[in-house]
Amino acid sequence: MDPSTNPHPRFGWIGLGSMGQAMALNLQAHLSHINAPSLKFYNRTAARGLPVHEIGGVQYTNIPDLIVNTEICFIAVTDDTAVRSIIDTITTVDPEHLRQKLIVDTTTVHPDTSAWAKQRLGEHGAIYLASPVFGATPTAQEGKLLFVVAGADEAVQRVEPYIVGIMGRKMMRLGEDVTRSTLLKCTGNFLIGGMMELVAEAQVLAEKSGLGSDVLEGLLEEQYGPLLASMSKRMTGGFYLPERGQRPWSDVNLAIKDVSLGVSCAEGAGTDLPVARVVLDHLRAARGYGEENGRALDSSSMYGVLRERAGLAFESERVKQRDAGGK
């Protein structure tokens, strides 16, 4: 179909880490299905774009050219520094080509960064939506993320049909103040880190006491719901310490960044998150283990640290068997 007559907007994507790639693949599959223009994408490491290219995506070698040729562009990168760098690059585009462009940022950042991005883009005629997501890589692959969106209502309406049922199961709308969505995300990540810590501690207790991990996991499923049960399975299934060469569901470094953002938000509000400090201590210790052993670690890897501090090996029997070539 001629792009000039296609009723669908032209989409762009910046950032193809584990989460970004999964979301971009789902979006491109949908665009292809509805005969919309192909997703245009940019990633610093070009090879990460190959899976998107293989299903019809169009790779760009720089951000300004991508922005010129899109109406709506998603950002999915690691942290505030990366977002600020990308926004600064976007604003180098001729204002004539930036007017009414919609930038949708799914990155977990500090609320101050969201406010800055909205103002910076607004000065150049572009629109910013803060849209962090809840869910790990498998959830992104299934298209069942929870999008937490804030920004201009008309802009949210433009993008919602391409999110719900495609990349996400639901969109929570938090009004026009973009700082509210990232504040909720930082608060939610603190909750996730705290719950992960509780499950890890309980699983170590179950193993040391002889109660058994499977018994505890059964209780979590029957009494506390799928979220805690899925956290438990990340630990007992060995996903807290991925196989060599495999990416974690959610990298420990991102978990440290995310929980630290929660602490910073709490300090700004005049309160404290003591549990977050415990979580950070264990996650940093896990990161040290990974650096010493050349291993990538998941955000659930405080489980390994707690195992060691209880006199168990960092690597569970399940991990040892898997890495030795067992089932």
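**Legends to close-up views of a predicted model**

**View 1. Surface and overall dimensions of the protein chain.** About 14900 Å² of the protein chain is accessible surface, and 52% of this belongs to carbon and sulfur atoms (Shrake-Rupley method, 1.4 Å probe). This is a predicted model, in which local features need pLDDT of at least 70, side-chain atom pairs count only at pLDDT 80 or more, and totals for chains, interfaces and linings use all residues. Residues are numbered from 1 along each chain as its sequence is written, and side-chain values use heavy atoms, with hydrogens and water left out. The C-alpha trace spans about 65 × 50 × 40 Å along its principal axes. Of the 327 residues, 50% count as buried (under 20% relative accessible area, 1.4 Å probe, protein chains only).

**View 2. The open sheet of 6 strands.** The strand order is β3-β2-β1-β4-β5-β6, with parallel pairing (strands are DSSP runs of E, at least two residues, numbered from the N terminus; two strands pair if DSSP finds at least two bridges between them). At the edges are β3 (58-59) and β6 (127-130), each pairing on one side only. Strands β4 (residues 72-75) and β5 (residues 102-105) pair in the parallel sense over 4 bridges. Phe-74 has Val-104 in β5 as its bridge partner.

**View 3. Helix α6 on the sheet.** Helix α6 (residues 111-122) packs on the sheet and touches β5 and β6 (helices are DSSP runs of H or I, at least four residues; contact means heavy atoms within 4.5 Å). The direction of α6 makes about 165 degrees with that of β6 (axes are lines fitted to C-alpha atoms, for helices over the stretch in contact; angles run from 0 to 180 degrees between N-to-C directions).
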